[in-house]
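Good morning, and thank you for the time.

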Amino acid sequence: DKKTRSYWFGRPQDKELFKFFYNADDLKARAEKINAFRPDLTLIIHYNIHSPNWDRRDRRGYFRPTDANYAMVFLPGGFIRNELGLPEDRLALLRMLVTDDVGQSHLLSRNFMYHTERITSVPAVMNDSELPYLDVFSIYTGVPGVYARNLALTRTVWGPLIYGESMCQDNRIESFRLNQKDLEVHGLKTSSRLIDMAHVYIASVWAYARMQKGEIPAS
């Protein structure tokens with residue numbers, strides 16, 4: 001309509017342009033490149049925030065430190081009402097039903113949570129944590145921290161995947177650890193906490209590969 005057109009041809013905020021235009025196209029392009037590569041598995045690496053902290057930002061938009069800290073991981077599935085309206089969404093659901101993408105993603109995700117707790121000591125999010133996106137948009141799989149959720153990349157990326165949310169980066173301890181430059185890797189100063197998380201992903205993939213070969217049980 002005329003009012004909406006005038007708004008977008010005016011001076012919308014950058015974050016609005018990102019949310020309503022760039023972000024969706026960017027995620028679509030990522031999925032297309034991943035699928036064209038035909039990977040054996042895909043790692044989607046994120047850090048979380050404690051979502052109730054979103055409304056506690058100061059006037060400049062900075063987050064206040066929180067004591068909350070937990071990890072979680074998402075796998076494909078978890079469609080909710082009105083998410084099957086487009087043909088490509090129905091095809092995505094059909095692919096999940098006729099392949100083992102969901103089952104293999106669950107196996108990867110279980111390994112991810114196990115090694116996250118073992119290596120980083122960050123616990124799995126509690127199933128009764130009252131985080132809205134877990135209550136409304138996600139399905140608990142019965143494994144602590146592992147949920148099915150119909151995110152853009154869990155829906156459009158083919159094959160087994162880990163969609164990791166490793167820790168709360170607004171946690172008062174983790175925020176300092178992530179910003180420490182206490183390690184040098186290939187000439188670059190970085191945080192040893194990032195190396196911890198790299199080891200989590202490596203250990204998760206290694207255990208998954210051994211399970212595929214039958215060297216260790218998948219249970």
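This is a predicted model: local features need pLDDT of at least 70, side-chain atom pairs count only at pLDDT 80 or more; totals for chains, interfaces and linings use all residues.

Residues are numbered from 1 along each chain as its sequence is written, and side-chain values use heavy atoms, with hydrogens and water left out.

The secondary structure comes to 8 helices and 7 strands; these are DSSP runs, helices being H or I of at least four residues and strands E of at least two, numbered from the N terminus. Along its principal axes, the C-alpha trace spans about 65 × 45 × 40 Å. Of the 219 residues, 38% count as buried, where buried means under 20% relative accessible area, exposed over 50%, and partly exposed in between, with a 1.4 Å probe and protein chains only. Among contacts with a separation of 6 or more, 72% come from residues 24 or more positions apart, contact meaning heavy atoms within 4.5 Å.

Let us turn to α3, residues 87-98. Its buried residues are D89, A92, R95 and M96. They cover an arc of only 115 degrees around the axis, so they sit on the same side of α3; the arc is that of the directions from the helix axis to the C-beta atoms. On the other side, L91, L97 and V98 are exposed. The cover over the buried residues of α3 includes α4 (101-120) and α6 (152-156).

Next, α4 itself. This helix has 20 residues and reaches 27 Å from its first C-alpha to its last, close to the 28 Å expected at 1.5 Å a residue, that expectation being 1.5 Å times one less than the number of residues. After α4 comes S121, whose phi is positive, near 65 degrees.

How does α4 meet α8, residues 192-212? Their axes come within 8 Å and cross at roughly 140 degrees. Residues of α4 that meet α8 include L107, F112 and H115, and those on the α8 side include M197, Y201 and Y208.

Finally, F137, which lies in α5, residues 132-137. F137 counts as partly exposed because its relative accessibility is 39%. Leaving aside neighbours within four places in sequence, F137 is in contact with G78, I80, P132, A148, R149 and N150. F137 and V185 are 48 residues apart in sequence and 38 Å apart in space, C-alpha to C-alpha.

Methods: Axes are lines fitted to C-alpha atoms, for helices over the stretch in contact, and angles run from 0 to 180 degrees between N-to-C directions.
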